[in-house]
Amino acid sequence: MYLDRRILTNFDWRMAGITLILIAVGILTIWSGNLGSSSSYRQALYIRQILWGALGLCGLVAAAFVNYRLLARFAYPIFGLLLGLLLVVEVTGAVGFGAQRWIRVGFLTVQPSEFMKLALIIFLARYFEDRKEHLGKPRLMATPAMVALVPIFFVLRQPDLGTAALLGLLTLSMLFLVGLRLKHLLFLVFAGAALTPLLWSMLKGYQQQRIWAFLFPSLDPLGAGYHVMQSKIAVGSGELLGKGLKAASQSQLNFLPASHTDFIFAVLAEQWGFVGCLVILLLCYFLITRGLEIASEAKDVFGALMAFGIMAMVMLQLLVNAGMVLGIMPVVGVPFPLLSYGGSSLLVVCLGVGLVINVRIRRFVY
């Protein structure tokens, strides 16, 4: 099989390398953060994450080498397929931790709402590319905004407030890029405020309690505010250099809930301190800025919007997760990109990074 040498020479090894490092740090943190659990439970967690990491890296390479213009051609069917999967989740999805978000595939479970983030980005990129002569006109914004509300509605019903919020923020980010004005944003904010009673009524009781706990941290420290209180203790106890790999008491003694999923950044802070967190955040910064640089240099509207949307997705996930861990945002169940346990989230970010690298490669090939 003939392989254009320019594909290999223009492959962005830095982005792939940073992705690999973050996945490895995540697996190490999942293993070390559960040293207080039974060996079989810990082994099941990190071995499964190793499998997802390997699958994610294979997905990254595949997404980098298959021409991304194919995605533009199939953008609408892909979006429709993910909507169908959300409907399947609604009807027969697997239930866990009080939510119905997954579809079982063999011994694995897949969360379609994670993949919907990528499908929505591709859908919006194709929509605006088809109308690139009219970018910046207000009438162009209404249709994609209304379409985005459909998956948001399904995801809210699962319930998954964090992913639903991310879908909304992703849509706003891409609308801004193609010309959404500040006055339009203010209108949307007021419209959202008017819908607050309806949105509040759609939340589950525990979600409402988490928001109350965020607004009033001392209201329920042993209940809804317990996660954030333990997370703050873990972050603070790490100090400058951390306690070390095997001395993270908050996570290893099981004081910190969800230490391998939503609060893995707190485990990292306890083990490696401020310096360790700074290194991870710098790696994420280089990944995101490199992706945005590629988006700005893309040779077509679809590639530019898709690369921008993917980097916006990574950045928003990072900001929301870190905000949750530090107690400056409500707990809404958003994983840290590439670090948190969970195959669907990891695979989606890997595929996204691969697509961004693809945009760079195709800039030189054609």
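Biologist: How many charged residues does the lining of the largest pocket have?
Modeller: The model is predicted: local features need pLDDT of at least 70 and side-chain atom pairs 80 or more, while totals for chains, interfaces and linings use all residues. A pocket is an open set of 1 Å grid points with protein on both sides within 12 Å along at least five of seven lines (1.4 Å probe, protein atoms alone; lining atoms within 4 Å of a point). In the largest pocket, 35 lining residues are nonpolar and 6 polar. The count of charged residues (Asp, Glu, Lys and Arg) is none.

Biologist: Which residues are closest to the centre of the largest pocket?
Modeller: Residues are numbered from 1 along each chain as its sequence is written, and side-chain values use heavy atoms, without hydrogens or water. The largest pocket holds about 1,600 Å³ of space. Its lining counts 41 residues, and the closest to the centre are L149, G168, L188, G192 and L199.

Biologist: Which element gives the largest share of that lining?
Modeller: Elements giving two or more residues include α7 (139-157) and α9 (182-194). The largest share is 10 residues, from α8.

Biologist: How many charged residues line the second largest pocket?
Modeller: This pocket has a volume of about 1,300 Å³. Its lining has 47 residues, with F97, W102, H260, T261 and Y341 closest to the centre. By class, 21 are nonpolar and 19 polar, and the charged ones number 7.

Key
Points joined across faces, edges and corners; volume = space filled by probe spheres on them. Helix = DSSP H or I, 4+ residues; strand = E, 2+ residues; numbered from the N terminus.
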